[in-house]
Amino acid sequence: MSVISGLSKADFKTASDGLLELSEERLRSIMRTEPITDVYHVEQTPFARGKFASVRKIRHLVSGEEYAAKFIRKRRRAADSTREIQHEVAVLALCGGCDRVVRLHEVYETRSEVAIVLELCAGGELQHLLDAEERLSEASARRALRHVLEGLAHLHARRVAHLDLKPQNLLLSAGNEELLICDFGISRAIQPGAHVREILGTRDYVAPEILSYEPLSLAADIWSVGVLAYVLLSGYSPFAGDTKQETYLNIAQCQLSFPRDLFRGVSQRAVHFIRETLVVDPKGRLTVEECLEHPWLKDEADLPRAIEGVGFPAALTGDDDDSDDGTHSVNGLNGVNGVNGVTCVNGLNGVNGVNGVNGVNGVNGVNGVNGHTVLNGCNGTNGIHDEKEEAECEERDKPQKHAHARDTSPPFPDAPSTPKVSRKSRASPPSVLALCKKFQPDYEKPATLSHAHAHERAGGECACAGAGCLRLRARPPPDRAVLC
């Protein structure tokens, strides 16, 4: 029987920084102090590892039942992280009755670390399936997203935002029939009227309002669901750039496109769902309940028994057009405030008055032609496309398949590092790179991949229980700012 079975809502309280807290009495009843090796056999080799944590398979010495134990160091960079660890335990305890959230079994504590004993999901991370198969079938993606949203509905009903939804934090049961949410290390409790500001999340999945240092909200998870849907259906990240800063800029401007080579065979309902979730204004996004009622997800016809992946054909063929309808869909970002106040005249992609990441303002951008939005600095003249410019523009807009490359950034302190999808849906304009060099020049230069290596199938970046992290220097947060 789980040691957290006797907890009630009255045992939890929310601190001003969004961390859940349990009373001292409840903590003492949960935290076991005897050596974990007295109760379990602990495998020496972790199956996932981070800078400050590792996950090992353990087996109960009496029953023989297997679990996953997440061992977390209490001190990170000379700072005490006990409150964050207790918050993660409290969130898991709060969600103990949900079948779509990994179950908490026990917690062991020593002077230097905490071991959180969790349900073992034999199917492993959803990311591993993507690494092997590149993407999911549309029916499998519907099944996976329904499971994610059912777990998210349980969280949001308790005013908890996960803030790090991605394939590494979604675990498959044996046989790949069920999907469970894990890793609540950077989750936050969102109370009405409270304004918690932190820059948290994983690079490709973070919502634009978080980059703009606006208050955290439950709607940030819906943005991540939209990115997740795009990744599951195409195998590509919708906003990934060649650098971190370029990725942040793509997110801030919501530069969204649906290349035909990647979305051939994907239904318009699926595309509509992604568009309804990837909306810059958090108030304009679907709620978790509306997502579950969306026609694409509500349709249970042809749902598979298991979540299955499908690879791309050996050679992508067909029209090279960069969108499902021959045009680019760009959602303008209005009124989102940056941080450093840098102004960039003659900005990007026809977005007027856009305040981007770190205060970069795009002004008087690219002009469209005949209702089509022309990206990457290509201007139409008097309604007529210049053939040379159009050819150059199309060449840049073709989907570029990047290898799954591991992030060289320091890992997020809570957890182990595993691969991450970061392939770009299309190349980005050179002007973005020049722009990015003007703000945050203190970032390390990204690793360069050769052309041959960029088209290999390899491991990815970032992690299930953790990820490559960077500490933003643009504006010091009140407590902690971590972006994986």
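Buried residues are those with under 20% relative accessible area, as against exposed ones at over 50% and partly exposed ones in between, with a 1.4 Å probe and protein chains only. Because the model is predicted, local features need pLDDT of at least 70 and side-chain atom pairs count only at pLDDT 80 or more, whereas totals for chains, interfaces and linings use all residues. Residues are numbered from 1 along each chain as its sequence is written, and side-chain values use heavy atoms, with hydrogens and water left out.

**View 1. Helix α2, residues 82-94.** The helix, like every helix here a DSSP run of H or I of at least four residues, and like the strands (E, at least two) numbered from the N terminus, has 13 residues. From its first C-alpha to its last α2 reaches 18 Å, close to the 18 Å expected at 1.5 Å a residue, where the expected span is 1.5 Å times one less than the number of residues.

**View 2. Helix α3, residues 126-133, and its cover.** L126, Q127, L129, L130 and D131 are the buried residues of this helix. Their cover, judged by contact (heavy atoms within 4.5 Å), includes the strands β12 (124-125), β13 (135-136), β15 (170-172), β16 (179-181) and β19 (309-310), together with helix α6 (219-234). Just after α3, E134 takes a positive phi of about 80°.

**View 3. The largest nonpolar core, with 97 residues.** A nonpolar core is a set of buried Ala, Val, Leu, Ile, Met, Phe, Trp, Tyr and Cys residues joined through side-chain atoms within 4.5 Å. In the largest one, the residues with the most contacts inside it are L126, L136, L149 and L232, and α6 gives the most to this core, with 11 residues. Apart from this core lies another, of 11 residues, among them I36, V39, Y67 and A69.

**View 4. The surroundings of L149.** When residues up to four places away in sequence are not counted, L149 touches V225, F273, V288, C291, L292 and L297.

View 5. The structure holds 0 disulfides, a disulfide being a pair of cysteine sulfur atoms within 2.5 Å.
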